[in-house]
Amino acid sequence: MNDWGKILVAIDETPASERALRYLGKFAGRIGSSEVCLLHIYPEPEQGLLKDGQSAADYQKGKRSIARKILQKGATLLEGCSVSPEKISRECRMASGKTISQIILQVQEEGGFGTVVVGKRKVSRSDDFLFGSILKSLVHQGESFTLWVVS
């Protein structure tokens, strides 16, 4: 059984992620034993989309630099909600050949996280139909954890 006090939060630079972090902060700051892992996932580069002269290594370096800022902002927000810095970890992964939801589920399983927190984005029905939904995948494919969806 996964530990409900180990909390995985998938974040990016969207307002939905910030809402999820603020909501979590209200609870995690009061539960001293909670451990929070901030997870940022970026897509793997598509060869045709790399900028002129940019290598895959340059792409990853740039994405990891952006991820550090996103993860630091998330940690700062949680610390402002009285979550101890020692209880906050950070992870960045590239979605190599996998979807973002698959990576979230992989990290959840590897870390034994009993709670996963995601922010719900406002997307049109056509976008949701065409591109799928991270949330739908987590609900349908996830097992043995609680999913918090913050909108």
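Two strands are taken as paired if DSSP finds at least two bridges between them; strands (E, at least two residues) and helices (H or I, at least four) are DSSP runs numbered from the N terminus. The model is predicted, so local features need pLDDT of at least 70 and side-chain atom pairs count only at pLDDT 80 or more, while totals for chains, interfaces and linings use all residues. Residues are numbered from 1 along each chain as its sequence is written, and side-chain values use heavy atoms, with hydrogens and water left out.

The strand order S3-S2-S1-S4-S5 describes an open sheet of 5 strands with parallel pairing. Its edges are S3 (88-95) and S5 (146-150), each of which pairs on one side only. S4 (residues 113-119) joins S5 through 5 bridges in the parallel sense, and Gly119 stands opposite Val150 in S5.

Helix H3 (residues 100-111) lies across S1 (3-10), S2 (35-43), S3 and S4, and runs at about 140° to S3. Such angles run from 0 to 180 degrees between N-to-C directions, with axes fitted to C-alpha atoms, for helices over the stretch in contact.

Strand S2 contains His40, which is buried at a relative accessible area of 5% (buried means under 20%, exposed over 50%, partly exposed in between, with a 1.4 Å probe and protein chains only). Beyond its neighbours within four places in sequence, the contacts of His40 (heavy atoms within 4.5 Å) include Ile11, Ala67, Glu91 and Arg93.
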